[in-house]
Number of protein chains: 8
Amino acid sequence: MNKEEIKELLESVKDNKLNVDEALEKLEDLPFKDLGFAKIDNHREIRVGYPEVIYCEGKTVEQVRDIVKFMLTKNNNILGTRANEEMYNAVKEICKEAKYNKLGRTITIRKNEQPLTENYIAIVAAGTSDLPVVEEAFETASILGNRVEKITDVGVAGIHRLFSKLDVIRGAKVVIVIAGMEGALASVVGGLVDKPVIAVPTSVGYGANFGGIAALLSMLNSCASGVSVVNIDNGFGAAYNASIINKL
Amino acid sequence: MNKEEIKELLESVKDNKLNVDEALEKLEDLPFKDLGFAKIDNHREIRVGYPEVIYCEGKTVEQVRDIVKFMLTKNNNILGTRANEEMYNAVKEICKEAKYNKLGRTITIRKNEQPLTENYIAIVAAGTSDLPVVEEAFETASILGNRVEKITDVGVAGIHRLFSKLDVIRGAKVVIVIAGMEGALASVVGGLVDKPVIAVPTSVGYGANFGGIAALLSMLNSCASGVSVVNIDNGFGAAYNASIINKL
Amino acid sequence: MNKEEIKELLESVKDNKLNVDEALEKLEDLPFKDLGFAKIDNHREIRVGYPEVIYCEGKTVEQVRDIVKFMLTKNNNILGTRANEEMYNAVKEICKEAKYNKLGRTITIRKNEQPLTENYIAIVAAGTSDLPVVEEAFETASILGNRVEKITDVGVAGIHRLFSKLDVIRGAKVVIVIAGMEGALASVVGGLVDKPVIAVPTSVGYGANFGGIAALLSMLNSCASGVSVVNIDNGFGAAYNASIINKL
Amino acid sequence: MNKEEIKELLESVKDNKLNVDEALEKLEDLPFKDLGFAKIDNHREIRVGYPEVIYCEGKTVEQVRDIVKFMLTKNNNILGTRANEEMYNAVKEICKEAKYNKLGRTITIRKNEQPLTENYIAIVAAGTSDLPVVEEAFETASILGNRVEKITDVGVAGIHRLFSKLDVIRGAKVVIVIAGMEGALASVVGGLVDKPVIAVPTSVGYGANFGGIAALLSMLNSCASGVSVVNIDNGFGAAYNASIINKL
Amino acid sequence: MNKEEIKELLESVKDNKLNVDEALEKLEDLPFKDLGFAKIDNHREIRVGYPEVIYCEGKTVEQVRDIVKFMLTKNNNILGTRANEEMYNAVKEICKEAKYNKLGRTITIRKNEQPLTENYIAIVAAGTSDLPVVEEAFETASILGNRVEKITDVGVAGIHRLFSKLDVIRGAKVVIVIAGMEGALASVVGGLVDKPVIAVPTSVGYGANFGGIAALLSMLNSCASGVSVVNIDNGFGAAYNASIINKL
Amino acid sequence: MNKEEIKELLESVKDNKLNVDEALEKLEDLPFKDLGFAKIDNHREIRVGYPEVIYCEGKTVEQVRDIVKFMLTKNNNILGTRANEEMYNAVKEICKEAKYNKLGRTITIRKNEQPLTENYIAIVAAGTSDLPVVEEAFETASILGNRVEKITDVGVAGIHRLFSKLDVIRGAKVVIVIAGMEGALASVVGGLVDKPVIAVPTSVGYGANFGGIAALLSMLNSCASGVSVVNIDNGFGAAYNASIINKL
Amino acid sequence: MNKEEIKELLESVKDNKLNVDEALEKLEDLPFKDLGFAKIDNHREIRVGYPEVIYCEGKTVEQVRDIVKFMLTKNNNILGTRANEEMYNAVKEICKEAKYNKLGRTITIRKNEQPLTENYIAIVAAGTSDLPVVEEAFETASILGNRVEKITDVGVAGIHRLFSKLDVIRGAKVVIVIAGMEGALASVVGGLVDKPVIAVPTSVGYGANFGGIAALLSMLNSCASGVSVVNIDNGFGAAYNASIINKL
Amino acid sequence: MNKEEIKELLESVKDNKLNVDEALEKLEDLPFKDLGFAKIDNHREIRVGYPEVIYCEGKTVEQVRDIVKFMLTKNNNILGTRANEEMYNAVKEICKEAKYNKLGRTITIRKNEQPLTENYIAIVAAGTSDLPVVEEAFETASILGNRVEKITDVGVAGIHRLFSKLDVIRGAKVVIVIAGMEGALASVVGGLVDKPVIAVPTSVGYGANFGGIAALLSMLNSCASGVSVVNIDNGFGAAYNASIINKL
């Protein structure tokens, strides 16, 4: 309710077109409505066309099934992340269209097919062990309506493989780089493209890797400009971010 | 030089339109040219219209002055970050147009005025102690040709001040959030806008802040989707990143 | 035994109303009695009306049952924290009134109903994953005799939900804020109330969350004054603390 | 502006006692006013009777003097924390009543003497090296209008000294415990009183103390219930917190 | 073999009482023998009267049994630490006298009863959760031939319990203090006795305890002189150390 | 393809000795070929005579079997590291010559026996718990064609055992030192030999060992020159490194 | 005052040999006196013959001088640690016998010469950079009345130098080992002697030494039994500890 | 002195060719001589042809000058690392040939020119800020008698610059890679050469670089085999190591 609308309301009161109680009711939740909270995009309350998202880790199979059940009543697309197979089976019983990406641990339900973007997001990954994060990012970006190109197994230890895919990487509007171990791929890609690069450190590695800290610090300290970073293994976050940029 | 162009060149040689030595010269730097390295945007080798950038920290006054002297021969805009006043004075002697942002510790030289973007970058900051990082980001974004809006002193401890600026924040194409201490501002802003948010933790704080680690971890773990993070105090990196997105 | 009482005792000896051996016995444990240790409130030795408390983690089922058995002889209320279901079943066999809060992992036995406080403690929590800590705090505060209001799922990513509950939060005498991930809720609530805020970081999150360190540091560095912090996941401690304040 | 007041306003409009533009103006800032933000107590915007507070660290002498100058126009009490002597001298030039606590590094200006609370806050400290934090807490609590008792040099290495002061500690409504090195004092005091204990780790120590981390972790893990913790060296925060509780 | 002995040997050669080959043989292992390595006390090669020690963690049941089998041939006492029950059962099959301390996870075999020391080692522990470390220390000290007094459940949260046992603690020649959580007990005991105190941090605790780091740092930073520290949960090391001191 | 060769090719085109399409084909992969990527030795694409290597951790049994199946078509030697027995059994079904080192968790398949080097690599290890890393290093060095000498159980607590093996250690061309706990062995060996020493910290230990960090830091800070370090438990990397040096 | 004495006192009251007020006075401070606090040895209140100790770091020159002035009235020996030269000069003005150890940064004043112990403490140090800690330990041990032998520059990189001093090390009743960098010396010495070893990590080193953490962790994880550890650079603590043991 | 020589000595004694006292003298230092300690190469006692090395950090100007003075008597080459200019000036006064490398902070004195190796060490560095470490490594490698090639400013953000120097890097016998920030250069170079790579993390960077930890972890986790790591900023250690390898 903007200034004009409030003025109009006040004039209706003045002109007795609207009684005081009705006006009061309309004004009452003004603080929130007018702050435009209905426009907020977040993990749970996402605008039309966007999927509903459930972070399944730490929830019981029953909880996941019940949340999906409720979501289904709203006829939106649905994305469940960090879901195990048992959760998927429970969901499948109440919704046959549900798909499971075993590697990416995502459940997806598509109620509304939407056209994909013309631009695409490139998902570039270092090693085969990073694939679970790649798949989580892929499923997220896809159900958010983005065209996606995956370029995997192009770690810097064999840098010619990366170069042979440079065209497809450079053609993207935004690039997600996923790497564990020392995470050097983010810097190398960041030095080769002039698009925003979102780096995802993965917990792949051992010893002084410390569950992804080595890659995380590496990416935060990237000598290449244009690289920003999300949490360790956060394929969902990277893809969500990339989707916002891809649709600008 | 793509496949077609190489073919054309070879045919010119065959048809004697081009002699071998000329062809050789063109092919010689193929490995680098064709990999497109000339297009690479990084801290030092930036394409036409972009400023040349010097990271002054750890350099001597003489080194900074000499680098600037050399850069001036190329007639580009110049940005020096993390520069102290002594460096600025040395630069000013060889270039009168040089400007110094004392808070942001930047030296800027504008040789080519370029039109600003229509879209703007919003730089949102928590406290007055974060201003040095705000100014570094501001100068960087500006000389990269972006329109910028600064919204400062809107930390979450007095959240109504943030709300009174929500319109200008939401109007941006990309938002930079700069905060020290616990860095909560990034999550709050991330929950209120549907634009990409680049979060910059600052080293402002004491005790268990650990030089910015508290804010860094806070931002990496943001419960709001759409937030990515750069290094502690890295105003330059955030602005560089934001500029790429703002110009998409 | 205060100065007056010792004097009285000495006079009784002098007047032969008390023989030396009886007096000796009474004085013998003076060092401890007079230091007032009987007034000490701690985890195990709590004054009249307070529940007896068992921290069950790391104990065997038999140990928990035996401790409860002994406590039952004293007819006090009993609170077992970090208890699993097996422990509960063992306890139930010896005490039918025992109740189990599965989420909060608490066993409670109420032998003496006491009137609740007029003031209430508000327990404010960010996400559904924080509920186990919420429930531990709730059960602790309740059995300590406090009226409690729970306000859950009001994380900062959707800040309007928090605002819609502001009245009930502000009405409390003391506020417990429970949040994982980046823990920003503590700062936001701390900025909105003028009551003591006890923040509980939870281990909810992944990657650079480091089992709750991100939220812990965030809360320790809160830009809002009036926030103090307890250990990660320590719902019991927060409620115990809040109870002391609520009863001042 | 509560429901009743809005109703009244609407009726005034209806009855032509108030014209639409005037009503509009009053409603316009409803979102902020009615959320009660004016009641918010934080570091900068504190309600009547409370001092204005400046965190001086990282500010220039000029900035501190200018902020104080502005504050003086509002005739409130003023507290400057982490202030050096140079800042004090600059402030003294514009306000003769300004007092400086050299150890606590605080500047205080009292424009309105207010009666002290009946209850008192006990500030208990381990060693003489912790005195700067003690003094910061003392000045903060005092200018917030609290009666304060200081009990210093009662570290656990000579525990009888602590016991000889137990009465005055137990007489307080809320206790602040300040300790560096291993911070054991918080646990010992926490086990001896049944009042809220706010623990402040200090950066006093060397080697594996890590600037206060040893004491911080010690206090967070206190085996005594009823202890909550603020940031390292944060005497201001502890006293602010204690003041809220002391005035409940 | 000292100087005198070598001289004697040489003279025997000179006098033909010893032939060259025999002398050579005796001199050959001079480098090691004379450095006195045979006197070295370590985990595996311990002098007469000392038990043979096996650190069982990370070994298979078969390996443990085989090592014990071999040790039995030497007729020494045997101590196995960090042993599980399965290991014990395997050992028992080959040696009926083997005893198992379930809490302390030690296997002990006594082939030679030796008289206990007159002086005793006091093992002081904070809580019941620290008992496994207490038992490991107890079994180690005992089989090394020391008289031991255990004083448990005397954590600082209820400090009067500690005081009631002060006499027995002060009567020891050396004191082992075992505590988890914040480890404050080491400082308090260190301030009350004038004997060497060996502090053992335990991994008991949760959250910001970080598996014993809180107690470890606390003990290293003890404000009481006379406290030295061993590794987290290292009951064996503390007792071994205490035994050396107790037998001085 | 160097300058001369390109010139020659162009002249062949000019002289019609080579048609344009053929020339194009040769030039096409110039960027990569000429950068000499075919010469690159890395974990996956190793030159003739070298084994193919699979890092099995995090892969499924099926994936490991399928990769081996494919590798077998190339008739190279094969090394699988971090393989469990189930993987080995699956591999054995498709290749009878496959051998499993249970301790080192390696699968090896030898299709081409190659002569061992004359020089040898010495693998020196502190304790029996370090044997898994010793065996991984041993198998790696062996299948890479190196002669290897193992010297185990020579930890510094019984330093005479190390000295008795000094000759064989000093006779090596390169020395690998493997140690957990405090990792002191690397410094001691580094002070006794004048050959390159590659130190491998192991995760053996407990408490403040932090999964190998103690040994890692110890080795990085070695007071003996000539010591370089690889990741915790990285027997493969150390042996790969040593092999390169041994074959120089 | 023991049981017998209290009984006697009560009987005196009964028999009118002592009036009630006198008896009361004697009983009044029973809690502290009887707990024997007068016997407590700590940093400040040390029994007859022991020096008074001041930790000078963080104190002003005036404070140090004033404390010494007061101590001089008690005619005890005095030890000031972490003192700079300015402090020494101020002390010298009021006490000519004051001595300064520049390297060890100690001030010592000997009022009562006491005979040295027969047994000696061996102080073994790795490098010349560790000498400041060596000297602090030496001065502390000496003024506490111990005979001391210093064995320096025997780091493990040249282990024969250590061996040439083995006799003097083994002859000590207790051994202090001081080492920075990787701290391996503690383990090596621990393996060569059968006396208690107190290890002092020093902050000597750079890079991944982290101000002494590398040596600290190394020593805590020592593979040699019989090693306990004090705080980084804590020469005083080690010597204080060693003195207690040496005098047992 | 080997077995044969001892036998000969004994026989000389037997045959009265050598008297007992002479024989005794020869045998006396057998333990050390025969262990071959004279062969040990370490920082201080290096064999003929090697320079004497002084680590100057933490030493006074006088100490450095005196050590050099003593070393000059032995007529060896001398290398001083981490030396400041004042130290150099003091050294120059006693030795005119002394040279100072200001960037690398080394003092070098060449008394014996030795021929350089045929093979060379390649020193590859990321940025200009890494030059101090490059120069320390360069001076060390040079005075140890190695031919060295420096390839600087080839960070991965502009990877084509690295490729243009690939030939000279691949031509080396051993490669030192020096990089700060994220240290990705080590992995990229490690993937491009088949020579041993010694990686040196530098403390260049800011924020989450943590003084070189980011680069250190990155290098330890390198996805390229054949990379080993030395301490942060340890140019000396890397060069010393490389020299050993280069001379194999």
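Q: How many bridges join β1(B) to strand β2 of chain B?
A: In this predicted model, chain B holds an open sheet of 4 strands with mixed pairing, ordered β1-β2-β4-β3. Within that sheet, V53(B) stands opposite L79(B) in β2(B). Strand β2(B) covers residues 78–81 and runs parallel to β1(B), and the number of bridges that join the two is 4.

Q: Which strands of the chain B sheet stand at the edges, each with one side left without a neighbour?
A: The order of the open sheet in chain B is β1-β2-β4-β3. An edge strand here has a single partner strand, so one side of it is left without a neighbour in the sheet, and this applies to β1 (52–55) and β3 (99–101) of chain B.

Q: What angle does the direction of helix α5 of chain B make with that of β4(B)?
A: Helix α5 of chain B, residues 85–94, packs on the sheet, where it touches β3 and β4 (106–109) of chain B. Its direction and that of β4(B) make an angle of about 20 degrees.

Q: Which residue in β4(F) does G80(F) stand opposite?
A: Chain F has an open sheet of 4 strands in the order β1-β2-β4-β3, with mixed pairing. Strand β2 (residues 78–81) and strand β4 (residues 106–109) of chain F run antiparallel and are joined by 3 bridges. The residue in β4(F) that stands opposite G80(F) is I107(F).

Q: Is helix α9 of chain D largely enclosed or left exposed by the rest of the structure?
A: The buried residues of α9(D) are L185(D), A186(D), S187(D), V188(D), V189(D), G190(D), G191(D) and L192(D). A residue counts as buried under 20% relative accessible area. Because 8 of the 8 residues of this helix (residues 185–192) are buried, α9(D) is largely enclosed.

Q: How do the residues in the contact of α6(D) with α11(D) divide into nonpolar, polar and charged?
A: Helix α6 (residues 131–143) and helix α11 (residues 235–246) of chain D pack at an angle of about 35 degrees, with their axes 8 Å apart, and their crossing is right-handed. From α6(D), V133(D), E136(D), A137(D), T140(D) and A141(D) meet G235(D), F236(D), A239(D) and Y240(D) in α11(D). The residues of this contact divide into 6 nonpolar, 2 polar and 1 charged.

Q: What is the relative accessible area of E25(G)?
A: E25(G) lies in helix α2 of chain G, which spans residues 20–28. Its C-alpha atom and that of F236(G), 211 residues apart along the chain, are separated by 40 Å. Exposed means over 50% relative accessible area, and E25(G) is exposed because its value is 58%.

Key
Residues numbered from 1 in each chain as written. Chains lettered and ligands numbered in written order. Predicted model: local features only at pLDDT ≥ 70, side-chain atom pairs only at ≥ 80, totals over all residues. Heavy atoms only, no water. Buried < 20%, exposed > 50% of the residue type's maximum accessible area, 1.4 Å probe, protein only. Pairing = 2+ DSSP bridges. Contact = heavy atoms within 4.5 Å. Axes fitted to C-alpha atoms, helices over the stretch in contact; angles between N-to-C directions. Left-handed = near helix turned anticlockwise from the far one by under 90°. Nonpolar A, V, L, I, M, F, W, Y, C, P; charged D, E, K, R; others polar.
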